[in-house]
Amino acid sequence: MPSEGRCWETLEALRSSDKGRLCYYRDWLLRGEDVLEECMSLPKLSSYSGWVVEHVLPHMQENQPLSETLPSSASASALDQPSFVPKSPDTSSTFSPASPATPDGTKGKDESQHTESMVLQSSRGIKVEGCIRMYELVHRMKGAEGLRQWQEEQERKVRALSEMASEQLKRFDEWKELKQHKEYQDLREVMEKSSREALGHQEKLKAEHHHRAKILNLKLREAEQQRVKQAELERLRKEEGQVRLRALYALQEEMLQLSQQLDASEQHKGLLKVDLAAFQTRGNQLCSLISGIIRASSESGYPTAESQAEAERALQEMRDLLMNLGQEITRACEDKRRQDEEEAQVKLQEAQMQQGPEAHKEPPATSQGPGGKQNEDLQVKVQDITMQWYQQLQDASMQCVLTFEGLTNSKDSQAKKIKMDLQKAATIPVSQISTIAGSKLKEIFDKIHSLLSGKPVQSGGRSVSVTLNPQGLDFVQYKLAEKFVKQGEEEVASHHEAAFPIAVVASGIWELHPRVGDLILAHLHKKCPYSVPFYPTFKEGMALEDYQRMLGYQVKDSKVEQQDNFLKRMSGMIRLYAAIIQLRWPYGNRQEIHPHGLNHGWRWLAQILNMEPLSDVTATLLFDFLEVRNSVITQEKKILLIEERIEAITSSGQMGSFIRLKQFLEKCLQHKDIPVPKGFLTSSFWRS
């Protein structure tokens, strides 16, 4: 078409013009802000705006179908582009209103279509230009992101190399230290060799001196004196070696006890967040270390001070290991207790709703006699005078704890060391009590008595005395009483015959130191309330776990121990109590009365028979008490009275324990005597 030819001619003319030959840079924004200064001025209308309004816009309205096919934004952009507006009405003959090329309406319409085509081409060019700019922007962003990632990777590599260099430096330092240690050992060997050579030379000179002394009377006397001196030194060395050897055995025994405590922590394995096997492995290594030291010392003769120091360091490490494990267990149990506190409260409320209010007021189940009626003459609560005695003992125990609270809570290293030494000196002799020989038992008794009397005793290779701290005596008395009861709870429960040697030592200490006896009773009543006898009652608002602990049960992680284990522990403590009542220390003052003799046994027996029975507990404790105290009941009438009384208060749930008790009493009736219990201390025991 002619109009299209003129359009291309116009474009060619514009391209050849001064403005068309100008170069446009796309990155002009990077050159500075001075380019934008022209854009900051207020916008002004061009002198050609009137012509555009009169000629271009009317034609665009007439060609509406064509404009609908184009994006509105592109058309608007095309109109706004100054490159498609003629420079002046005079220079552009094609778009001029006075142009001779538009004599009629047809010619004007062709020019209008040509203008629309130019606008369309301009919008497409802008779109392509925008895509190009967007691609460049995305490309720059990708380049920046890649550069950032590369920098981070380089930083990670630098850190890794730095850590590797640090580890290599540590290994180099360790190798250097090892080399220095080897050089020191070599130097030490050279010095020892020189010393041995010097000693050999000295011995040679000494032999020559002895030879001269044989000739001269004066030198013979000097040689004799030196020989006596050497013998005395050798004797002292042997005695010191024996003391060290005994100390090593004591350290080994305590180490084994700590190892048993470490193994006993296996039941908390599910609660711990740390690896229990690592603690046990280290504990076994420390036990093997002390065993190796003792074995090497036995082969070489006597242990040296270095061997003893090494064993003490191993024991201290074992204590720290057990202490750390105990802290972990305490934290784990505390977390578990907090988690289960609400659940335990809900269970307690449900149990109260199921059992009714009467079930929580009195723990013992009411017994019925043979006729099916309740025994109204039986007591539910302990007598007031007995309860006052029980409370006085508990108050005395709490007062004793408050007395040495400063020693136990002290952060001073010296005070901690004194506390540990006193505790070992008080507890280790009790754990060594056995039925081996009476002489060994007397040695243990004398050691405990000396400690309580303020005399220094040997413990762990060191001299220990309660006078080292003003609170030392109270602390030792409390720990000693606690250890006696613990032996009844554990050792006597497993080996019934162990009740008698432990009881005879406890009775002798009680006679000489009455406060220890009161503390023994306080600990015994707290762990075994049936030794009062006393049945704790459930109170409103009390947690179920606290009530079970008051009854004597062990509650760990909200789990109550099995009934068999509970009865076993209660049996051990009652057997120890019965043995203390009837035994006295054979080397004590016979003119004085027993501090807690047979009258207390009769009181306990009468009160427990007059109280409501507990399922399994009453019959079991009576059997253990009567079997140990063979001197309490010696008449047939008394045996029949006890059998009738037990049968009258026994319910169907206690038949197992009652049958065992009944068979024991029938055997006593048949033989007209109560058999001597196994392990009872005879006169031959004390002569051994």
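Is R462 buried, exposed or partly exposed? R462 is partly exposed, its relative accessible area being 25%. That value lies between the 20% limit for buried residues and the 50% limit for exposed ones. The model described here is a predicted one.

## Overall make-up

The protein chain contains 22 helices and four strands. Of its 688 residues, 35% are buried. The accessible surface of the chain amounts to about 42,600 Å², and carbon and sulfur atoms account for 54% of this surface.

Contacts can also be sorted by how far apart the partners are in sequence. Among contacts between residues at least 6 apart, 74% join residues that are at least 24 apart.

## Salt bridges between separate elements

In the whole structure, 31 salt bridges are found. One of them pairs R462 with D421, with 2.7 Å between the closest N and O atoms. While R462 is partly exposed, D421 is buried, at a relative accessible area of 9%.

R575 and E627 form another salt bridge, and here the closest N and O atoms are 2.2 Å apart. This pair links distant parts of the chain, since R575 sits in helix 17 and E627 in helix 19 (residues 617-628), 52 residues apart. R575 is buried, with a relative accessible area of 4%. E627, at 22% relative accessibility, counts as partly exposed.

An α-helix has 3.6 residues a turn, so residues three or four places apart point the same way.

Both partners are partly exposed: E234 has a relative accessibility of 32%, and R237 has a relative accessible area of 44%.

## Helix 13

Helix 13 covers residues 472-494, 23 residues in total. At 1.5 Å a residue it should span 33 Å, and the 32 Å between its end C-alpha atoms agrees with this. The helix has a kink of about 35°, centred on G488.

How many of the 23 residues of helix 13 are buried? The number is 17, so helix 13 is largely enclosed by the rest of the structure.

H596 is located in a loop, the one between helix 17 (563-582) and helix 18 (598-609). This histidine is buried, because its relative accessible area is 2%, under the 20% limit.

Which residues does H596 touch, leaving aside those up to four places away in sequence? They are W389, W510, L521, Y577, I580 and I581. With one of these, Y577, the side chain of H596 also makes a polar contact of 2.9 Å. Y577, I580 and I581 fall within the residue range of helix 17, 563-582.

Note on methods: Residues are numbered from 1 along each chain as its sequence is written. This is a predicted model: local features need pLDDT of at least 70, side-chain atom pairs count only at pLDDT 80 or more; totals for chains, interfaces and linings use all residues. Side-chain values use heavy atoms; hydrogens and water are left out. Helices (H or I, at least four residues) and strands (E, at least two) are DSSP runs, numbered from the N terminus. Buried means under 20% relative accessible area, exposed over 50%, partly exposed in between (1.4 Å probe, protein chains only). A polar contact is a pair of N or O atoms within 3.5 Å; within protein, one must be able to donate a hydrogen and the other to accept it, and residues adjacent in sequence count only if both atoms are side-chain atoms. Contact means heavy atoms within 4.5 Å. The expected span of a helix is 1.5 Å times one less than its number of residues. The bend at a residue is the angle between axes fitted to the seven residues ending there and the seven starting there. A salt bridge is a side-chain nitrogen of Lys or Arg within 4 Å of a carboxyl oxygen of Asp or Glu. Accessible areas come from the Shrake-Rupley method with a 1.4 Å probe; for residues, only the protein chains shown count as cover.
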